[in-house]
Amino acid sequence: MNLATARSAKRAMEVGLRKVLGADRQLLVKQFMGETIFMTVAALLIALLLAWFALPYFTSFTGKDLSLNLIDHPEYLAGFAGIVILVGLIAGSYPSLFLSGFQPASVLKGTYKIGSIHEKLRSFLVVGQFAISIGLIVAVLVVINQLEYMKNKDLGFEKEEIAILPAFEEFSDNISVLRDRWMQHPGIEDVALASRIPSGRLLDSQGTQAELDGKLTAINTRIADVHISHSFFQAFGMEIIEGRDFDKLLASDSSESFILNESAVRAIGWVSSEAAIDKPFIYGNRRGQVVGVVKDFHFESLHQPISPMVFMIPDTRINQVAIKLSPTDREAALAYLRDEWLSTRPDYPLEISFVADKFDEQYEAEEKVGAVFGFFAGLAILISVLGLFGLSAYATEQRLKEIGIRKVLGASSLNIVSLLGKDFLKLVIIGFIIAVPLAWMGMSKWLENFAYSITVSWMIIAISGCLAVLIAAATVSSQSYRAALVNPVETFKKE
């Protein structure tokens, strides 16, 4: 709309002449509406062509098999026709009514002026466009910062260079022998077994009883269990903050000992980790005592809070093998593991994954959200720039005589640029004021999906506002500077 009205000065004479020659307003409205619908059809064809070229990217992005088959889906054609008519009517209604309303006498005399209602409507559009743009910029920055936070946050253990292999019966039965043999390779630093590996979900739990106030008490809080081998905490670099680790020289550790995390200690109601040591503890059918407390770490993604956990040496339920690799001999170690697997289980293909990659995969949805927000932010900025460009072009066209007089009286090009630009920057600032609270509330609500998250900082808001102001200033100044360079003599000749 702003671009159409920006061109109104160039088409005013055409409208005036047509009306003098007998064209009524209805005919002019049809002409301008037809032009808009024609441009909408052309835009649709270009959009379909771009969509066809971009289809492989969208298929990869969504992970779904997408197609653009209009022949087998004629309803799409009907939908496109409806979109063309709707967009054409909405986009063309105001410009066509605006242009067809020019009075021939005023236009031909050069005295036609735009009413304040029309100017307010165009200003309102620019404010709305920039409010949306700034909101989307805030959203993009928040998503990017949250992703960086999640990927770089200390999880409480060493996630890098830990390979995951599926466990098998021969391995579980001969853990000590195989572990000792594998660790002779210079690229393997440690080997551990577990029912679940960090980056997975904690889905296993049983009934719990613990000693409180001198008697065994049922614990109503859910405590998830993980069955591990003796070397688990060592392989992951986890810290035992009270008591001790499991000891393979103590047979009782395989049947009577438990290690809890700090969250479990708090959930049970013990005053400290030290107070939990040697306390009687019953988990499911296993009776024993707490021998150690491990420092809290993030077993699951940062979407989830740290759960209360109990660790025990198992007699069953070993599903995965965690292997700590040396960064310097990583590839050699992986080749060795593949050979070992092939010699042990030739009929079962080996699939090696990594803990760090597993954590990153859990944030793929957020990465896609960021990409979508980025795309629409770019699109909104482009539309805003076009609207502001149209509005500034029109305003500059209307003030050419004023600019010429100011230059004759000694105004510099910088004075002219400042004069024309300040009114438009006010619109951007108003859009910023509208966008900030809405974006703040929306992204704060989105961040509630994470148990651990950043906050929508003022730095993000300031960067978004500055970026919008810079884009607007560049758009407006390009028009203003061109107007400031026009020779006043040429302006007065036209008048």
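**View 1. E161, R330 and E331 are linked in a network of salt bridges**. A salt bridge here is a side-chain nitrogen of Lys or Arg within 4 Å of a carboxyl oxygen of Asp or Glu. Between R330 and E331, the closest N and O atoms are 3.1 Å apart. R330 is partly exposed at 23% relative accessible area, and E331 is exposed at 51%. Buried means under 20%, exposed over 50%, and partly exposed in between (1.4 Å probe, protein chains only). The model is predicted: local features need pLDDT of at least 70, side-chain atom pairs count only at pLDDT 80 or more, and totals for chains, interfaces and linings use all residues. Residues are numbered from 1 along each chain as its sequence is written, and side-chain values use heavy atoms, with hydrogens and water left out.

**View 2. R181 forms a salt bridge with E340**. The closest N and O atoms are 2.6 Å apart. R181 lies in helix α8 (residues 175-182) and E340 in helix α12 (residues 330-344), so the pair ties together parts 159 residues apart in sequence. Helices are DSSP runs of H or I with at least four residues, strands are runs of E with at least two, and both are numbered from the N terminus. R181 is partly exposed at 36% relative accessibility, whereas E340 is buried at 13%.

**View 3. E158 and K324 meet in a salt bridge through their side chains**. The N to O distance is 3.5 Å. E158 sits in the loop between α6 (116-152) and β1 (162-166), and K324 in strand β11 (residues 320-325), 166 residues apart. K324 is buried at 12% relative accessibility, while E158 is partly exposed at 42%.
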